[in-house]
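Open the model in your viewer and keep the sequence panel beside it. We will select one piece at a time and look at what is there.

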Amino acid sequence: MSTFRGFSTIGSDFATVSVTDFAAAKTDLQNSFNVRLGERLMRPKFGCVIWDMLYEPFTDQVFNDIIDNVTEIAKSDPRLQLVNIEPTEYEHGIRISLSLKYIPTNIVENMLVTFNKEASQVTANSINTGTANGY
């Protein structure tokens, strides 16, 4: 099995940290969430729509658009399989609970991704890890 390697500066006070495997995939996913839709040069359909929805009422349409966009972003990484997604509104933005399966090792991890409208940033926290059973 190959090892994926990458670098991350997320949460490290601008120090570059080496990350591998599932950590690298999660970092790449978090980086994709930080890109606003249409922000990437020559790729106008790439990015996260949630930034444009933070101040909108949390209607069924917004809920479904978020699910569609996060699903599309997660599917763009062949290392990950999205098992479950649950967006919710909270006082300072939108939170998305994700259950991700890391395909090379069958590990499933739950993440809580927070889009904070006041800080204009995304934070992702791992909730727990385990081996995929039945996925």
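**Before you click**

This is a predicted model, where local features need pLDDT of at least 70, side-chain atom pairs count only at pLDDT 80 or more, and totals for chains, interfaces and linings use all residues. Residues are numbered from 1 along each chain as its sequence is written, and side-chain values use heavy atoms, with hydrogens and water left out.

**Stop 1: the whole protein**

Show the cartoon. How many helices and strands are in the protein? There are 3 helices and 6 strands. Helices (H or I, at least four residues) and strands (E, at least two) are DSSP runs, numbered from the N terminus. Trace the chain from the N terminus: the elements run β-β-α-α-α-β-β-β-β.

Now colour by accessibility. Buried means under 20% relative accessible area, exposed means over 50%, and partly exposed lies in between (1.4 Å probe, protein chains only). Of the 135 residues in the protein, 37% are buried.

Next, think about contacts. Contact means heavy atoms within 4.5 Å. Take the contacts between residues at least 6 apart in sequence: 36% of them join residues at least 24 apart.

**Stop 2: helices H1 and H3**

Two packed helices are described by the angle between their axes and the distance between the axes. Select residues 21–33 for helix H1 and residues 60–75 for helix H3. Their axes come within 10 Å and cross at roughly 135 degrees. That makes H1 oblique to H3.

Here is how the angle is read. Axes are lines fitted to C-alpha atoms, for helices over the stretch in contact, and angles run from 0 to 180 degrees between N-to-C directions. Under 35 degrees counts as roughly parallel, over 145 as roughly antiparallel, 65 to 115 as roughly perpendicular, and the rest as oblique.

The crossing of H1 past H3 is right-handed. A crossing is right-handed if the near helix is turned clockwise from the far one by less than a right angle, and left-handed if anticlockwise.

Which residues make the contact? On H1, pick Leu 29, Ser 32 and Phe 33. On H3, pick Val 70, Ile 73 and Ala 74. By class, this contact has 5 nonpolar residues, 1 polar and no charged ones. Ala, Val, Leu, Ile, Met, Phe, Trp, Tyr, Cys and Pro count as nonpolar, Asp, Glu, Lys and Arg as charged, and the others, Gly among them, as polar.

**Stop 3: Ser 32**

Stay on H1 and select Ser 32. Is Ser 32 buried or exposed? At 15% relative accessibility, Ser 32 is buried. Not counting residues up to four places away in sequence, Ser 32 touches Phe 46, Cys 48 and Ile 73.

**Stop 4: the loop between H1 and H2**

Select Lys 45, in the loop between H1 and H2. Lys 45 is exposed, at 73% relative accessibility. Leaving out residues up to four places away in sequence, Lys 45 touches Leu 37 and Glu 72.

Now move to Met 42, in the loop between H1 and helix H2 (50–53). Met 42 is exposed, at 74% relative accessibility. Check the backbone too: phi of Met 42 is near 70 degrees, a positive value in a residue other than glycine.

**Stop 5: Glu 86**

Go to strand S3 and select Glu 86. Glu 86 is partly exposed, at 39% relative accessibility. Beyond its neighbours within four places in sequence, Glu 86 is in contact with Phe 63, Arg 95, Ile 96 and Ser 97.

**Stop 6: His 92**

Select His 92, in the loop between strand S3 (80–90) and strand S4 (93–102). His 92 is partly exposed, with a relative accessible area of 28%. What does His 92 contact, leaving aside neighbours within four places in sequence? Its partners are Phe 115, Asn 116, Lys 117 and Glu 118.

Show side chains. The side chain of His 92 makes a polar contact with the side chain of Glu 118, at 3.4 Å. A polar contact is a pair of N or O atoms within 3.5 Å; within protein, one must be able to donate a hydrogen and the other to accept it, and residues adjacent in sequence count only if both atoms are side-chain atoms.
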